[in-house]
Amino acid sequence: MGIALVTGGSSGIGAEFARQLAARGHDLILVARDQARLDAVAAELRTPGREVETMAADLSNPKDTDRVAARLADTAKPVDILINNAGYGLKTKLVNPDVAEHDDAYAVMVRAVWVLSAAVAPGMKQRGHGVIVNVSSIASQLSMGGYSAMKAWVQTYTESLANELKGSGVTVTALMPGWVRTEFHQRASIRGSSIPGALWLDSEYLVRECLRDVDRGKVVSMPSVRYRPLSWLLRHLPRSTVRTISRRISLSRSKAASE
Ligand SMILES: NC(=O)c1ccc[n+]([C@@H]2O[C@H](COP(=O)([O-])OP(=O)(O)OC[C@H]3O[C@@H](n4cnc5c(N)ncnc54)[C@H](OP(=O)(O)O)[C@@H]3O)[C@@H](O)[C@H]2O)c1
């Protein structure tokens, strides 16, 4: 069935990709910073017939990203599926002259997606098959700071890469999650209670729908009928209205955080 490499494979959406890809019969390589958490997921998924490798790597560090890229480029042990999933929400405002948090986030959510895809794509193209999934967000359609901008990059990049690889047998898909119950919000100090209950998705459903879209060769995967009309509206409303909606969500979050 081949090897799948999942970045951010120790938690949330990435761990769920690992579980479902294992259930489909793939061997796995899990990448994240925390070795103990990687080991826990690996122990859960490793069976006599299934290999699960772990790579502790901080994708904000170019040397670590290069190490993962070298593994992806190793045609002796080809990787057939790459899930570029590692990422997190940002707390720093754009007007803050200290850009350290944005620098790191750019390295993880933009640069690493590019470097890792570029490392694996040539071999996939040569072999005539492969899957790349890049996790974007519905936030890419809003104007909510550096996070929105980076996730918008992920979507545009993914569609461009899909164009370059069209007809090669390699599929490229941008996953556009809405709000998903993971550690994401807690890590970003976003109060879950500020998000309407009906909009929450669970990662098991999100990943199952995404893999179904991947099987169909869809370039953009937006699971749930709850989000598709919302996304359509965001694409068709005047941008000034989208900015107002974005500002209101950001303000309600800052209020919730200061309470
Ligand atoms: N949850 C949502 O509502 C939602 C919505 C839209 C998009 N997304 C996107 O979905 C993806 C997965 O997020 P999640 O919700 O599953 O959050 P999560 O539960 O917090 O998982 C994030 C994963 O990324 C890894 N990671 C973070 N920084 C890293 C770094 N510098 N280097 C390597 N790995 C790193 C984490 O492991 P370590 O901390 O051990 O490194 C963890 O495995 C992200 O790209 C996020 O932007 C999430």
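A crossing is right-handed if the near helix is turned clockwise from the far one by less than a right angle, and left-handed if anticlockwise. Helices are DSSP runs (H or I, at least four residues), numbered from the N terminus.

Before we start: this is a predicted model, in which local features need pLDDT of at least 70, side-chain atom pairs count only at pLDDT 80 or more, and totals for chains, interfaces and linings use all residues. Residues are numbered from 1 along each chain as its sequence is written, and side-chain values use heavy atoms, with hydrogens and water left out.

**Exercise 1. Describe how α1 packs on α7.**

Step 1. Find helix α1 at residues 12–23 and helix α7 at residues 203–215. Their axes, which are lines fitted to C-alpha atoms over the stretch in contact, lie 9 Å apart at an angle of about 55°. Angles run from 0 to 180 degrees between N-to-C directions.

Step 2. Classify the angle: under 35 degrees is roughly parallel, over 145 roughly antiparallel, 65 to 115 roughly perpendicular, and the rest oblique. α1 is therefore oblique to α7.

Step 3. List the contacts (heavy atoms within 4.5 Å). From α1 come G12, I13, E16, F17, Q20 and L21, and they meet S203, E204, L206, V207, R208, C210 and L211 of α7. These residues comprise seven nonpolar, three polar and three charged. Here Ala, Val, Leu, Ile, Met, Phe, Trp, Tyr, Cys and Pro count as nonpolar, Asp, Glu, Lys and Arg as charged, and the others, Gly among them, as polar.

**Exercise 2. Work out how α4 sits against α3 and α5.**

Step 1. Start with α3 (residues 62–73) and α4 (residues 100–127): the angle is about 25° and the axes are 8 Å apart. The two are therefore roughly parallel, and their crossing is right-handed.

Step 2. On the α3 side, the contact includes V68 and L72; on the α4 side, it includes V115 and L116. This contact divides into 10 nonpolar, one polar and two charged residues.

Step 3. Turn to α5 (residues 145–165), which packs with α4 at about 10°, axes 10 Å apart. α4 and α5 are therefore roughly parallel too.

**Exercise 3. Which residues are closest to the ligand?**

Step 1. Of the 31 residues surrounding the ligand (a heavy atom within 4 Å), the closest are S11, R33, N85, Y147 and T182.

Step 2. Check R187: one of its polar side-chain atoms lies 2.8 Å from a ligand oxygen atom.

Terms used. A polar contact is a pair of N or O atoms within 3.5 Å; within protein, one must be able to donate a hydrogen and the other to accept it, and residues adjacent in sequence count only if both atoms are side-chain atoms.
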